[in-house]
Amino acid sequence: METFDFIIIGAGTAGCVLANRLTEDPNTSVLLIEAGGVDNHPILKLPLFAGVAYNYAPTNWGYTAQEGENLFGREIPWPRGKVLGGTSSINGMMHIRGNPDDFDRWARSGAAGWSYDEVLPYFLKAEGNLDRDGEYHNKNGPFKVTSAHSPHTLYRTFINACESAGYKYNSDLNGKSQDGIGRQDFNIHRGRRVSASTAYLNPIKSRKNIRILTNNHVARVLFKNSRAIGVECIETRNKKKVNFSVTKEVIVSAGTVNSPQILQLSGIGDIHLLKKLDIPVVKELPSVGQNLQDHLGAYVQVSCRKKISLYNLFRKDRLALAIAQAILFRTGPATSIPLEAGGFVRADEASKLPDFQITFCPGLSLETTRQGQGRHGYLVHYYLARPKSRGTIEIVSKDPCAFPLIKPNSLSDPTDLKLMIAGLEIARNILAQNAFDEVRGMEISPGTDVSGEDREAHWIKQNATTVWHPTSTCKMGEDNSSVVNSDLKVFGINNLRVVDASIMPSITTGNTATPTIMIAEKASDLIKNDHSLLL
């Protein structure tokens with residue numbers, strides 16, 4: 001067996017950061033293992049294709065979540081990146097840190113060292129902001145950020161409507177306060193996607209102390225008693241098994257779905273599940289795969305009476321021109337993602353924190369267009385900021401290539417349904433403001449016949465879907481419901497950590513890629529300090 005100081009399972013959003021930071025010490029060897037392949041397909045590069053990238057099979061795990069009766073038992077696609085950069089290579093590139101209270105709540109729940117004041121330096125360390133400066137920003141980090149710049153008139157219309165509806169304008173959603181509506185920030189640089197792979201991995205591929213292994217599926221972590229000593233992999237193409245050993249740590253950075261799956265396959269999890277599948281128990285930790293959280297959202301879509309929406313790009317000649325402009329000159333509509341205005345709002349005055357994140361698109365959803373309803377239109381996408389419902393992820397077989405069972409249990413807490421109804425009313429109210437009078441056509445969805453709490457609740461159950469921000473299945477904390485401690489070490493196991501969005505004690509308010517980058521930046525320092533590596 002080849003031996004390394006550190007083995008990182010997963011070259012996704014967190015794994016790329018760890019690989020970069022740990023190999024800063026030239027005396028430290030790192031093996032980075034990725035189940036997918038390289039991230040060089042053009043779909044992964046041009047921001048306009050983000051919606052397509054989410055469904056591009058070669059770079060996607062292709063998971064499906066099984067919802068319960070509260071969403072009428074629907075099966076909902078759960079795209080997760082299976083490629084260098086992980087989901088940061090296929091996501092919507094929206095740069096949102098979260099609400100400061102999110103991290104203070106982590107600290108209050110037992111995650112010592114993870115308050116907002118303690119994690120802000122790691123947000124700043126990562127950020128390379130090309131448009132903002134000051135106390136809350138850094139221009140020099142690897143994870144490049146630009147502010148939305150599209151001149152599309154409907155963005156201004158939306159912001160004006162929000163202000164008329166009573167929501168304040170916020171010029172910096174990652175600044176001192178998160179509340180309000182404004183132009184959003186994105187991980188886009190010179191018209192191209194910025195992923196964890198392009199930001200952290202590409203610059204270090206020539207380092208002699210890193211080996212990047214793609215198209216290898218980690219079957220399990222190997223143990224000697226309660227100490228992680230290596231990993232067992234399966235080569236994707238020929239199904240050959242290969243083992244690697246480790247001298248310092250195995251770091252599981254496989255994401256909210258695959259990290260608990262790998263722990264369970266390795267004998268760490270609920271003892272009843274492991275025994276049922278004839279998996280030898282290494283450590284009983286019933287919380288592995290529990291506490292699953294995700295943002296649930298819905299679209300309010302309206303037809304547009306003027307031919308100014310993104311539907312213009314569905315004409316093949318115009319789309320071809322936009323792509324050529326983006327490739328040759330790095331300008332034009334294909335170099336941005338059409339979600340450039342949005343923010344955070346409260347359900348009512350009693351709310352202490354934003355209840356919803358909302359985004360505006362000057363076009364209809366891809367699904368609506370694919371269903372034969374293509375036309376000029378625009379939409380507001382709203383989703384719960386901090387859902388109370390909790391789901392699970394469990395393996396169904398000892399076969400490491402078998403997909404786990406994903407059960408989000410969306411709306412299982414009745415508070416979430418009440419808030420979703422309130423969010424629908426907020427979105428409709430914004431779209432009913434005078435600012436939209438000159439362009440407003442008919443409401444496509446839900447449709448004017450969906451009115452009253454009962455019909456609205458039924459429509460939500462039929463149409464609400466995940467925003468693909470799953471977190472918290474390997475929860476960090478110090479109580480019995482936790483999987484890792486505040487240093488991200490798995491309880492009862494030596495030389496094993498989890499570093500990715502699965503360790504969040506609770507989901508953050510907003511998109512989860514940027515907080516995951518922060519988690520990995522902070523974890524890198526924790527690991528370096530433990531092993532006296534160069535800082």
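**Close-up 1. The salt bridge between Arg-21 and Glu-24 in the predicted model.** The closest N and O atoms of Arg-21 and Glu-24 are 3.0 Å apart. Arg-21 counts as buried at 10% relative accessibility, whereas Glu-24 counts as partly exposed at 32%. Both residues belong to a network, joined by salt bridges that share partners, which also includes Lys-125, Glu-521, Asp-525 and Lys-528.

**Close-up 2. The salt bridge between Asp-185 and Arg-132.** The closest N and O atoms of this pair are 3.0 Å apart; Asp-185 lies in strand β8 and Arg-132 in the loop between β5 and β6, so the pair ties together parts that are 53 residues apart in sequence. Asp-185 is buried, with a relative accessible area of 3%, and Arg-132 is buried as well, at 15%.

**Close-up 3. The salt bridge between Arg-220 and Glu-232.** The two side chains meet at 3.2 Å, N to O, and the pair links strand β12, which holds Arg-220, with strand β13, which holds Glu-232. Arg-220 counts as partly exposed at 36% relative accessibility, whereas Glu-232 counts as buried at 9%.

Close-up 4. Ser-195 counts as buried at 1% relative accessibility, and a polar atom of its side chain lies 3.2 Å from the backbone nitrogen of Ser-197. Leaving aside neighbours within four places in sequence, Ser-195 is in contact with Asp-39, Ser-88, Ser-89 and Phe-143.

**Close-up 5. Helix α3, residues 100–108.** At the start of α3, a side-chain oxygen of Asn-99 reaches to within 2.9 Å of the backbone nitrogen of Asp-101. The buried residues of the helix, among them Phe-103 and Trp-106, pack against α4 and α13.

Note on methods:
Residues are numbered from 1 along each chain as its sequence is written. This is a predicted model: local features need pLDDT of at least 70, side-chain atom pairs count only at pLDDT 80 or more; totals for chains, interfaces and linings use all residues. Side-chain values use heavy atoms; hydrogens and water are left out. Buried means under 20% relative accessible area, exposed over 50%, partly exposed in between (1.4 Å probe, protein chains only). A polar contact is a pair of N or O atoms within 3.5 Å; within protein, one must be able to donate a hydrogen and the other to accept it, and residues adjacent in sequence count only if both atoms are side-chain atoms. Contact means heavy atoms within 4.5 Å. Helices (H or I, at least four residues) and strands (E, at least two) are DSSP runs, numbered from the N terminus. A salt bridge is a side-chain nitrogen of Lys or Arg within 4 Å of a carboxyl oxygen of Asp or Glu.
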